[in-house]
Amino acid sequence: MTNDYVLEARRLVKRFGDFEAVRGIDLSIERGESFGFLGPNGAGKTSTMRMISAVSQPTEGTITIFGLDPSTHGPEIRQRLGIVPQEDSLELELSVRLNLEMFGRYFDLPRRVVRERATELLEFTQLSERANEKVDNLSGGMKRRLTIARGLINRPEILILDEPTTGLDPQARHLLWDRLYRLKREGVTLIITTHYMDEAEQLCDRLVVMDRGTIVAEGAPRSLIDRYSTREVVELRFASDNHEAFHDRLAPFAERLEILPDRVLLYVHEGDATLREIHASGITPSSALVRRSSLEDVFLHLTGRSLSD
Amino acid sequence: MPTRALPLFGTRRSLRVLERNALVYRSQWLMLLSGFFEPLFYLLSIGIGLNHLVGAISVHGRLVNYATFVAPGMLATSAMNGAMIDSIFNTFFKLKISHTYDALLATPLEVEDVALGEVWWALVRAAIYAASFIVCMVLLGDAGSPWVVLCWPGAILTSFAFSCLGLAACTYIRSWQDFDLVTLVQLPLFLFSATFFPITLYPKWLGAIVSVSPLYQSATLLRGLALGQFDWIMVGRSAYLVILAFVGLHVASRRFRKILTP
């Protein structure tokens with residue numbers, strides 16, 4: 001049996017003049033899957049998203065969405081996609097409800113249908129009480145929810161979200177995550193870019209780590225952590241500014257060591273045991289923390305840089 | 001699967017852009033209202049003022065008073081200004097500031113649909129303004145003949161040409177400062193297109209330059225229609241405006257694609 005891929009891309013390249021934003025990536029995304037792109041700003045995530053949204057054309061390589069070629073079937077493909085761009089670009093002059101209704105009209109939906117769906121989606125994104133207010137008056141989190149509601153007006157088979165929770169407070173983020181879980185349960189394929197580790201771990205079945213236009217790793221969040229990191233991490237801070245000086249003394253305690261400007265990371269199996277050994281050897285960090293490995297550590301291992309750089 | 005050529009000038013979907021603009025401008029009805037008063041002010045000021053100072057003018061052997069002579073020129077100018085302002089200023093805002101078009105392109109709409117949709121909107125507004133202008137002409141006694149009704153499609157054609165040219169021009173604008181350049185083109189076009197006096201009053205060499213001006217072609221076309229003086233050159237003048245419109249729309253579509261889907 002062949003896999004039910006809703007999206008396939010081969011050797012995808014995007015160039016802007018001399019700058020190569022995406023450098024030959026391959027993707028296969030299955031129906032119902034929740035797929036993530038993880039990477040720092042400038043990794044080529046947004047350029048990739050614009051290509052798989054059938055909005056911009058790849059410079060090289062092939063892409064098929066629902067088995068169709070975006071260069072010739074852009075409108076047919078976008079009819080079945082929900083796109084939530086990084087910029088909300090809502091109609092500030094219009095009310096919350098009219099933003100949704102007008103957007104539905106671009107998909108050729110009858111007025112009666114867009115009215116019904118707008119009501120449902122306002123409920124879904126908890127914006128019903130603000131339905132008749134001008135968008136200009138909404139908070140950042142509400143605008144983001146409205147942009148997601150807008151992306152759902154055509155009942156898309158794939159929902160593509162570019163940095164859905166950037167700039168939101170924790171409460172607003174959790175509300176959004178909850179809504180995205182529900183969509184996933186309903187069988188909507190989710191494609192998400194993020195530079196938040198916790199978001200990727202929470203939402204994605206499978207993800208690719210992007211760096212400088214290429215895919216440096218691919219897999220389920222848990223398996224990436226197993227493959228590229230140890231079970232636990234000991235984070236040490238020292239009163240001295242010169243963390244490099246501790247390298248040789250700490251190296252024997254860990255499988256791998258990362259020296260960051262503000263702390264030292266030791267990759268180990270049993271964090272507490274390692275920490276006891278370190279203390280016993282007479283090394284005295286000003287603070288110490290034992291935690292489980294995260295995608296942040298995977299990224300650090302793969303690129304030598306932390307995501308927030 | 002056979003590849004399908006994308007339509008050169010947009011599709012039926014462009015009508016959604018018209019719907020969107022109508023919805024957004026519904027809350028800005030005051031701006032629409034100003035479009036009604038502008039022509040009235042033009043006609044009244046000229047009718048009351050210049051008409052008494054300037055004697056009758058001969059147009060192809062027929063003597064008409066100044067207000068009757070100048071009204072079609074004012075209609076052409078008003079059609080030009082309305083189309084240019086909307087397609088340059090408002091489109092620039094949506095293209096570069098509010099990113100309205102980026103949201104539209106996340107739907108089945110294509111770049112060509114967006115460009116064409118803006119032209120539809122310009123034409124709807126032009127049709128309303130031109131109708132109100134012509135009604136004013138008739139009420140003030142400035143209509144040269146019953147054929148003045150033909151000025152309606154004539155003025156819409158004028159708006160078609162200028163809105164397409166404006167749409168193309170708008171894509172070259174980098175910042176608000178560049179709008180001075182628009183005025184720099186618009187003002188001489190307005191003053192030197194034989195809108196206020198016959199082209200025969202210009203020196204021959206200047207007349208030759210003026211005849212290239214789309215506003216001159218439009219003003220002369222509308223004057224002929226208003227007075228019911230038909231000739232074959234009108235077909236040429238109309239064709240000129242249609243060609244300018246399609247060139248403008250084509251350039252605008254290509255530039256939109258370059259800017260919006262790099």
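**Helices of chain B**

Analyst: Happy to! In chain B, helix H3 (residues 66–97) packs against helix H6 (residues 151–170) at an angle of about 35°, and their axes are 8 Å apart. Keep in mind that this is a predicted model.

User: Thanks. Is the crossing of H3(B) and H6(B) left-handed or right-handed?

Analyst: The crossing of H3(B) and H6(B) is right-handed.

User: And which classes of residue make up that contact?

Analyst: The contact of H3(B) with H6(B) has 16 nonpolar residues, along with seven polar and one charged.

User: Staying in chain B, how far does helix H5 reach?

Analyst: Helix H5 of chain B covers residues 111–139, which is 29 residues, and spans 43 Å from its first C-alpha to its last. That is close to the 42 Å expected at 1.5 Å a residue.

User: What comes just after H5(B)?

Analyst: There you'll find B:Gly141, with a positive phi of about 75°.

User: Let's switch to chain A. How is chain A divided?

Analyst: Chain A has domain 1 (5–219) and domain 2 (230–292). Taken over C-alpha atoms, the centres of domain 1 and domain 2 of chain A are separated by 40 Å.

User: How many bridges join E1 and E2 of chain A?

Analyst: Strand E1 (residues 5–16) of chain A pairs with E2(A) over nine bridges, in the antiparallel sense. To pick out a spot, look for A:Lys14, which stands opposite A:Val22 in E2(A).

User: Last topic: how many residues are in contact between the two chains?

Analyst: On the chain B side there are 22 residues, in contact with 21 residues of chain A. Helix H1 (15–25) and helix H4 (100–104) of chain B each supply at least two residues of that chain B side. H1(B) gives the most, with five residues.

User: And the classes on that side of chain B?

Analyst: The side of chain B that touches chain A has nine nonpolar, seven polar and six charged residues.

Note on methods: Residues are numbered from 1 along each chain as its sequence is written. Chains are lettered from A and ligands numbered from 1 in the order in which they are written. This is a predicted model: local features need pLDDT of at least 70, side-chain atom pairs count only at pLDDT 80 or more; totals for chains, interfaces and linings use all residues. Domain bounds come from an automatic or database domain assignment. Helices (H or I, at least four residues) and strands (E, at least two) are DSSP runs, numbered from the N terminus. The expected span of a helix is 1.5 Å times one less than its number of residues. Two strands pair if DSSP finds at least two bridges between them. Two residues are in contact if their C-beta atoms, placed from the backbone, lie within 7 Å. Ala, Val, Leu, Ile, Met, Phe, Trp, Tyr, Cys and Pro count as nonpolar, Asp, Glu, Lys and Arg as charged, and the others, Gly among them, as polar. Axes are lines fitted to C-alpha atoms, for helices over the stretch in contact, and angles run from 0 to 180 degrees between N-to-C directions. A crossing is left-handed if the near helix is turned anticlockwise from the far one by less than a right angle, and right-handed if clockwise.
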